[in-house]
Amino acid sequence: MKFIKTAALLAFLLLAANFSFAQRGKEGNVTIAGNTTVNTYTFLTANAASGAGSITVNNNSMVGGAFGTSLAAGDLIMIIQMQGATMDINTTPTVVWGGNYTVPNDYFVGVWDANPHYWGQVTDYGNAGNFERVEVLSVTGSNTINLNCPLAKNYTASGHVQVIRIPRYENLTVPVATSITAPIWNGDTGGVIALEVRAALTLNGTITATGAGFRGGQLDPMSYTANGPPTSIRRLGSFDNLEGSEKGEGIGGFTTEYNAVFSRYGIGAPANGGGGGGYQNSGGGGGSNSLVGGTYTSKGNPQGFVAVWNLEAVGFGGSTSAGGGRGGYALSD
């Protein structure tokens, strides 16, 4: 009897292993044509904790891209939280004093003028950046995805957590002049490409999400100009569009999150988002993410119009920097 039980258990484990392994490569051999989006996307509508065996999403059918049928057992998904970081933004001047600006916390220890760059620094990443891949066990109704393995990390729905259906190729070929792309991030989904290739990936074309990520601050078509002189202080963060242009999106959020801390406008950079321009016809703030190991000069990488760039300093038009864009200029004459 013991031998029979052992044999039965072994047979079950082999069948389970074969079933699991058979899901890899289930899309077969594929050659990409044209510019193609292969993933489909949805997003969490409820928080999901480490150890959970299911997630609640906006829609669990996930048809489109490389998929002509609804999400099912053996499919692979990626769960990734895009935002949710907490930033160094103190709203006391706005909330208590009735001002129209925000400050870094250092303002209250007497070093405001020394460290304005502290404004918007990440104080807690929270669950921003958490991601994992997990196989689907089943789907229930139109909003639940049951998982083969429990979640390893925590996810906060308000941090814009997207769920991406991943094609499982045997062999994938991306020929010359073709590409795999991502839809533009819209605040809920997009901007990320995820693939699984069991055997060989032949890449002669491109796999690119360039320009599909976090959004820039929106143009204010009214062209408001504040009454202050050009030498007056620019606000790091403000709820008033007379105080500058909009900030760019980042892991700390976008307009909804910036409005919540009265800081949608102004020159301060929120987390890894770019600051907006000041109110005197200024350009927006430069990008972030300088590279470790490179030479960072803060001058950015000027493109074109070399003679014009060189009006700032001899040779400026040929500057290079390991990341970190340069802010725009104010109106000049």
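## Sheets and a pocket in a predicted model

In the hairpin formed by E9 and E10, three residues lie between the strands, and glycine 141 adopts a positive phi near 60°. Strands (E, at least two residues) are DSSP runs, numbered from the N terminus, and two strands count as paired if DSSP finds at least two bridges between them.

The structure is a predicted model, in which local features need pLDDT of at least 70 and side-chain atom pairs count only at pLDDT 80 or more, while totals for chains, interfaces and linings use all residues. Residues are numbered from 1 along each chain as its sequence is written, and side-chain values use heavy atoms, with hydrogens and water left out.

Confidence is expressed as pLDDT, the predictor's confidence in each residue, from 0 to 100. The protein chain has a mean pLDDT of 86, and 80% of its residues reach 70 or more. For residues 1–21 the pLDDT is below 50, and this stretch makes two contacts (heavy atoms within 4.5 Å) beyond near neighbours in sequence in the model.

Strands of a sheet pair through backbone hydrogen bonds, either parallel or antiparallel.

A second open sheet has three strands in the order E2-E13-E15, with parallel pairing. Strand E2 (35–36) and strand E15 (206–208) each have a single partner strand, so one side of each lacks a neighbour in the sheet.

| Strand pair | Sense | Bridges | A bridge pair |
|---|---|---|---|
| E3 and E11 (residues 161–166) | antiparallel | four | tyrosine 41 and isoleucine 164 |
| E5 (residues 76–81) and E9 (residues 131–140) | antiparallel | five | isoleucine 80 and phenylalanine 131 |
| E9 and E10 (residues 144–147) | antiparallel | four | threonine 140 and threonine 144 |

In the parallel sheet, E2 and E13 (residues 179–181) are joined by two bridges, and threonine 36 stands opposite isoleucine 180 in E13.

The second largest pocket holds about 310 Å³ of space. Among its 15 lining residues, His117, Trp119, Gln121, Ala269 and Ala271 are the closest to its centre. A pocket is an open set of points on a 1 Å grid over the protein atoms alone where a 1.4 Å probe fits, with protein on both sides within 12 Å along at least five of seven lines; lining residues have an atom within 4 Å of a point. The volume is the space filled by probe spheres set on the points, which are joined across faces, edges and corners. The lining comprises nine nonpolar residues, six polar and no charged; Ala, Val, Leu, Ile, Met, Phe, Trp, Tyr, Cys and Pro count as nonpolar, Asp, Glu, Lys and Arg as charged, and the others, Gly among them, as polar.
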